Amino acid sequence: MSLKKVEFNRYLKDAVEQLPKGAFLCTRDGDKENVMAVGWGAFGSMWGRPMAIVTVRPSRYSFEMIEKTGEFTLSIPFNQSQKDNINFCGSYSGREKNKFEEKSIIKGQGQTLDIPIIENCQLFYECRVITKQALSEEMLNQNIREMYYPHGNYHMVYYAEIIDSYVLEDDYLK
Ligand SMILES: Cc1cc2nc3c(=O)[nH]c(=O)nc-3n(C[C@H](O)[C@H](O)[C@H](O)COP(=O)(O)O)c2cc1C
């Protein structure tokens, strides 16, 4: 796998289009590592830094990992080739299954952080949390609250600096 560093916003349109369909969020805490699917978030700039904003419900194993380490990677596919893997990573918890044992999920190594990435994706962000905000019942639009939070479990919103960004060098990107 040949990776090339890029500005975080070089392929932003592709990233923003793909995110709602799902991307991989990987974490590592010592010898424990995990991958989940994420779909809600944003990319942009805050405090003069490139930022990724992701939203993770407290019930996720990944939540525990991010709370502990403050770091994660995002691996974003630009096509639907990873659809089944995204659904798999979004259907099982790392508490009950080591998702990296699934043979179609090919684990790679982050370039700056010692956290996995998922190969067969096109764009990779390595992220370090700067701050976070828990969504709360009182502050949420009522329709959204009723639609997405009937059982609470309000997302934690993580604002993370993108400390490294790179793409898979393949025909698509040349
Ligand atoms: C396409 C897709 C997008 C998802 N987006 C999110 C998300 O943004 N935040 C979240 O908390 N869960 C999201 N999920 C659900 C988690 O990926 C799922 O609960 C997963 O099993 C959590 O894994 P973990 O317990 O190993 O962290 C998504 C699932 C899918 C299939």
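## Buried side of α2

A residue counts as buried if 20 or more other C-beta atoms lie within 10 Å of its own. The model described here is predicted. In α2, that label goes to Ser62, Met65 and Ile66. These residues span an arc of only 95° around the axis, so they sit on the same side of α2. An α-helix has 3.6 residues a turn, so residues three or four places apart point the same way.

What do the buried residues of α2 pack against? Their partners are the strands β2 (23-29), β3, β5, β6 (71-76), β9 (123-134) and β10. Just after α2 comes Gly70, with a positive phi of about 70°.

## Nonpolar core

The largest nonpolar core holds 37 residues. Phe24, Leu25, Cys26, Ala52 and Leu74 have the most contacts inside it. Strand β10 (residues 156-168) supplies the largest share of this core, six residues. In soluble globular proteins, nonpolar side chains tend to be buried together.

Take Leu74. Leaving aside residues up to four places away in sequence, Leu74 touches Ala23, Phe24, Leu25, Ala52, Phe124, Tyr125 and Cys127.

## Ligand shell

There are 21 residues around the ligand. Gly22, Gly39, Ser62, Gly90 and Ser93 come nearest. Ser62 is also one of the buried residues of α2.

Which element gives the most to the shell? β3 does, with four residues. At least two residues each come from β3 (32-38), β5 (49-56), α2 (61-69) and α3 (83-89). By type, the shell has eight nonpolar, 10 polar and three charged residues.

Terms used:
Residues are numbered from 1 along each chain as its sequence is written. This is a predicted model: local features need pLDDT of at least 70, side-chain atom pairs count only at pLDDT 80 or more; totals for chains, interfaces and linings use all residues. A residue is near a molecule or strand if its C-beta atom, placed from the backbone, lies within 6 Å of it. Ala, Val, Leu, Ile, Met, Phe, Trp, Tyr, Cys and Pro count as nonpolar, Asp, Glu, Lys and Arg as charged, and the others, Gly among them, as polar. A nonpolar core is a set of buried Ala, Val, Leu, Ile, Met, Phe, Trp, Tyr and Cys residues joined through C-beta atoms within 7 Å. A residue is buried if 20 or more other C-beta atoms lie within 10 Å of its own, exposed if 12 or fewer, and partly exposed in between; C-beta atoms are placed from the backbone. Two residues are in contact if their C-beta atoms, placed from the backbone, lie within 7 Å. The arc is that of the directions from the helix axis to the C-beta atoms.
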